[in-house]
Amino acid sequence: MRPQTELGGGSAGSSRSARLDPLDLPVRFTANDAAADERTRHIELHRERVILRRAVQGMRIALNVPVQAFRGVSIRLAEELGETPAGVAVFLEHLDPALSIELYSAENSDDVVAEWQLWSRVLGVPMLLKGADGELRQPFPHIGAVRCKAPTPRRRRRAALHRRRPKFLVRRRPGVTRAQALVHQGEREIIARN
């Protein structure tokens, strides 16, 4: 059984930003939840499912949601809370905003794109960006799970030797033709008969 990473409270060290490691799943951590008792919920994140546990008005609730039920991984600008400056965050987005999960946050945006792509690849959900109208959309065109783009133009051959015959044709040996085919005439056939 693998050890599970715990995340909660203030992190020690030089970095004070929240970061979960997508390559070390499953991960258990706590997050803020305004609707829950004690304003916290416990999250267990696996590659295939997410388990959300919280208590609302004394009733304990556990939701087991498959990762494929989430819309994708998005980048959001975090709001300023008191003295803490605004930053950038990566979220696992659900249709119900109460089920969306923050996966990474930082004050600067140096590593955000790398985290965004890594979480999308590990969980197998699309990358999303908020458009001008506020809707989440995929930033690149897709056909199923394959990202598509315009084909690159073909390279033109501009070498000095481009009119030469290809090397494999030079290596070929021509076949040998005989002047006349051999014809056998007037010979006795030997056939075994009863």
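1. Arg28 and Glu44 join their side chains in a salt bridge, 3.5 Å from N to O. Arg28 lies in strand β2 (residues 27–32) and Glu44 in strand β3, so the pair ties together parts that are 16 residues apart in sequence. A salt bridge here is a side-chain nitrogen of Lys or Arg within 4 Å of a carboxyl oxygen of Asp or Glu. Strands (E, at least two residues) and helices (H or I, at least four) are DSSP runs, numbered from the N terminus. Arg28 is partly exposed, at 35% relative accessible area. Glu44 is buried, at 9%. Buried means under 20% relative accessible area, exposed over 50%, and partly exposed in between (1.4 Å probe, protein chains only).

2. **Basis of the model.** This is a predicted model, in which local features need pLDDT of at least 70 and side-chain atom pairs count only at pLDDT 80 or more, while totals for chains, interfaces and linings use all residues. Residues are numbered from 1 along each chain as its sequence is written, and side-chain values use heavy atoms, with hydrogens and water left out.

3. **Confidence.** pLDDT is the predictor's confidence in each residue, from 0 to 100. The chain has a mean pLDDT of 76, and 73% of its residues reach 70 or more. Among the elements of the chain, strand β5 (residues 59–66) has the highest mean, 89. Strand β1 (residues 5–7) has the lowest, 48. The pLDDT is below 50 over residues 1–16, and this stretch has 18 contacts in the model beyond near neighbours in sequence. Contact means heavy atoms within 4.5 Å.

4. **Overall make-up.** The chain has 12 strands and 2 helices. Along the sequence the pattern runs β-β-β-β-β-β-β-β-α-β-β-β-β-α. Of the 194 residues, 25% are buried. Among contacts with a separation of 6 or more, 33% are between residues 24 or more positions apart.

5. **The other salt bridges.** The structure holds 4 salt bridges. Glu44 also meets Arg53, with 3.2 Å from N to O. Arg53 is partly exposed, at 38% relative accessible area. Arg54 forms a salt bridge with Asp33, the closest N and O atoms being 2.7 Å apart. Arg54 lies in strand β4 (residues 49–56) and Asp33 in the loop between β2 and β3, so this pair ties together parts that are 21 residues apart in sequence. Arg54 is partly exposed at 26% relative accessibility, whereas Asp33 is buried at 8%.

6. **Arg41, a point to check.** Arg41 sits in strand β3. Arg41 is buried yet has no salt bridge. The nearest side chain of opposite charge is Asp33, 4.2 Å away. For charge, Lys and Arg count as positive and Asp and Glu as negative; His and the chain ends are not counted. A polar atom of the Arg41 side chain lies 2.6 Å from the backbone oxygen of Ala98. Arg41 also touches residues including Phe29, Asp33, Leu52, Arg54, Ala98 and Ser100, not counting residues up to four places away in sequence.

7. **Helix α1.** Helix α1 covers residues 112–123. At 1.5 Å a residue, its 12 residues should span 16 Å, and the end C-alpha atoms are 16 Å apart, which agrees. The expected span is 1.5 Å times one less than the number of residues. Buried residues of α1 include Val112, Trp116, Trp119 and Leu123. Their cover includes β3 (40–45), β6 (72–77), β7 (88–93), β8 (101–106) and β9 (127–130). Ser120 is also in α1, and is buried at 10% relative accessibility. Ser120 is in contact with Val73, Val125, Pro126 and Met127, leaving aside neighbours within four places in sequence. Gly124 follows α1 and has a positive phi, near 75°.

8. **Backbone details in loops.** The peptide bond from Leu25 to Pro26 is cis, with omega near 10°. Pro26 lies in the loop between β1 and β2. Glu38, not a glycine, has a positive phi near 60°. Glu38 is in the loop between β2 and β3 and is exposed, at 74% relative accessibility. Gln57 is not a glycine either, and its phi is positive, about 50°. Gln57 is in the loop between β4 and β5 and is exposed, at 77%.

Notes
Polar contact = N/O pair within 3.5 Å; in protein donor to acceptor, adjacent residues only side chain to side chain.
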